[in-house]
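Look at the fold as a whole before turning to single residues.

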Amino acid sequence: MAMRPMDAIFFILSLFLLFPSPSVSDSATQFCSAGREYGVGSCKVPSSSSTRILIKGGTVVNAHHQQVADVYVEDGIIVSMQPNIKVGDEVTVLDATGKFVMPGGIDPHTHLAMEFMGTETIDDFFSGQAAALAGGTTMHIDFVIPVNGNLVAGFEAYENKSRNSCMDYGFHVAITKWDEGVSKDMEKLVKEKGINSFKFFLAYKGSLMVTDDLLLEGLKRCKSLGALAMVHAENGDAVFEGQKRMIDLGITGPEGHALSRPPVLEGEATARAIRLARFVNTPLYVVHVMSVDAMDEIAKARKSGQKVIGEPVVSGLILDDHWLWDPDFTIASKYVMSPPIRPVGHGKALQDALSTGILQLVGTDHCTFNSTQKALGVDDFRKIPNGVNGLEERMHLIWDTMVGSGQISSTDFVRITSTECARIFNIYPRKGAILPGSDADIIILNPNSSYEISSKSHHSRSDTNVYEGRRVKGKVEVTIAGGRIVWENEELKVVQGSGKYIEMPPFSYLFDGIEKSDANYLSSLRAPVKRVKI
């Protein structure tokens, strides 16, 4: 039953009387109050729980090995992982018999509190992270958008946006222009702020898009700093032409979005970025791979030995584009994202590529707008804010779709949802592993439990969900973040400000061998040739 406004006021006042000073309890209550507005089922004020946790009898799964063992956590760190651990009193004991104990998920691709297309994403760093924790994700990496092209100003703005975080997070930084100041800011962010990745948009002409000459400068600078270059690969000029074509044909609805930016434009931009990265000889990370066209280019590059990472997102793996033709604008518009969700066949091909190692890890591109915000483009698909949800649903959907069907193993699941992300962004084994010394970011997943995804029960602030009504088998029953139980018995126990910014050092494993290959290239030139002047 919904709480009446006056009852809610008295309830909140009573909490202030009980907790007169800022505390863990106050922060959780703020989420509970907001959560009721957005359909959160239940949320408890956290108690002063023990910092010592023993997880007993579960199957502990890491990326390359699994075994039945206990896991002992103390003060936010995994202390021991072995069978039959004995502990004293004042330890919280969790029985994981018959269940999987895994590293918490790491989402490499999110947009929280992002200002975009005349509005701002409905999920901020608290609501989006709370949703993530309920779904078994314990860290994410968000994209800093520069302020008028200024990288440091953008980073500082996102520092402020993330002050209410309730789980660990890192940042990528977008590059939207080029000058000497940008080059110096890149160095400052890498050496002083823990940034090791920069993103280049080949789409969104007139706003975020970069040209090839800027991309080349950025790739060279990334290489010198040991930072990973990332690309949103769509041909922005051709997309702009495609949009005009659709409008001229009288196609103004959500279906026009997909028709204006077909897979061939994603494939072209992916191929171009890969070739330019090869020319510079630096690793490349292709975000949200949505089509066979793009995947094929990544496969060819990797087969030739080039260091290219391909990141599909859960919406591209699970959904197809038929929803964009729904006669109800509210339904159709919620599926608008870029690159678009593709026709039937692309998703299964991407799943196959993920299961065989052509693609390496799964993100979400969680970028949520509610139905009111989506309605900004009711008469023109070009004005529909691009983005879908996924932070809370990713782990469950990948388990159900990929592990449940036998396409991948439980160890593969850990690799593509957590460990590989930690390795790529150089924070392994602090993150992405259940090993002594690793951060205590842990989930307990019951493979025999199931639940139905719904906007009425999810923890995002959005009033829609692109996976509405989908029933999945395999449920995260417990989430431990930073050594604290934050999700248990369908109850969130989250604390504003408890999340930590995770610095990510440069020169990950992807840069191994780059200097040698550069040297081999130079020695192969057989130039300059000394010629006799006549």
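The buried residues of helix 13 are covered by parts that include helix 9 (263-280), helix 10 (292-303), helix 11 (314-318), helix 15 (394-403) and helix 16 (410-424). Cover here is counted by contact, that is, heavy atoms within 4.5 Å. Helices (H or I, at least four residues) and strands (E, at least two) are DSSP runs, numbered from the N terminus. Helix 13 spans residues 346-355, and seven of its 10 residues are buried, so it is largely enclosed by the rest of the structure. Buried means under 20% relative accessible area, exposed means over 50%, and partly exposed lies in between (1.4 Å probe, protein chains only). The buried residues of helix 13 are His346, Gly347, Ala349, Leu350, Gln351, Ala353 and Leu354. After this helix comes glycine 357, which has a positive phi, near 90°.

This is a predicted model, in which local features need pLDDT of at least 70 and side-chain atom pairs count only at pLDDT 80 or more, while totals for chains, interfaces and linings use all residues. Residues are numbered from 1 along each chain as its sequence is written, and side-chain values use heavy atoms, with hydrogens and water left out.

Next come the charged side chains. Side chains of opposite charge can pair when their charged atoms come close. A salt bridge is a side-chain nitrogen of Lys or Arg within 4 Å of a carboxyl oxygen of Asp or Glu, and by this rule the count comes to 28. One of them joins aspartate 70 and lysine 56, at 3.1 Å from N to O. This pair links distant parts of the chain, with aspartate 70 in strand 2 (residues 66-74) and lysine 56 in strand 1 (residues 52-61), 14 residues apart. Aspartate 70 is buried at a relative accessible area of 4%, whereas lysine 56 is partly exposed at 30%.

Glutamate 241 pairs with lysine 244, and their closest N and O atoms are 3.6 Å apart. Both residues lie in helix 7 (residues 236-248), three residues apart, which is about one turn of the helix. An α-helix has 3.6 residues a turn, so residues three or four places apart point the same way. Glutamate 241 is partly exposed, at 40% relative accessibility, and lysine 244 is partly exposed too, at 36%.

Which kind of aromatic pair do tyrosine 158 and phenylalanine 171 form? Rings of Phe, Tyr and Trp (its six-membered ring) pair if their centres lie within 6.5 Å; planes under 30 degrees apart count as stacked, over 60 as edge-to-face and the rest as tilted. A search of the whole structure finds 16 aromatic pairs. The pair of tyrosine 158 and phenylalanine 171 is edge-to-face, with 6.0 Å from centre to centre and 85° between the planes. Tyrosine 158 is in helix 4 (residues 151-161) and phenylalanine 171 is in strand 10 (residues 168-175), so the pair ties together parts that are 13 residues apart in sequence. Both tyrosine 158 and phenylalanine 171 are buried.

Finally, the record. The UniProt annotation "domain: Amidohydrolase-related", from an unreviewed entry, covers residues 100-486; such annotations may be inferred rather than shown by experiment. Over residues 100-486 the chain is 37% helix and 18% strand.
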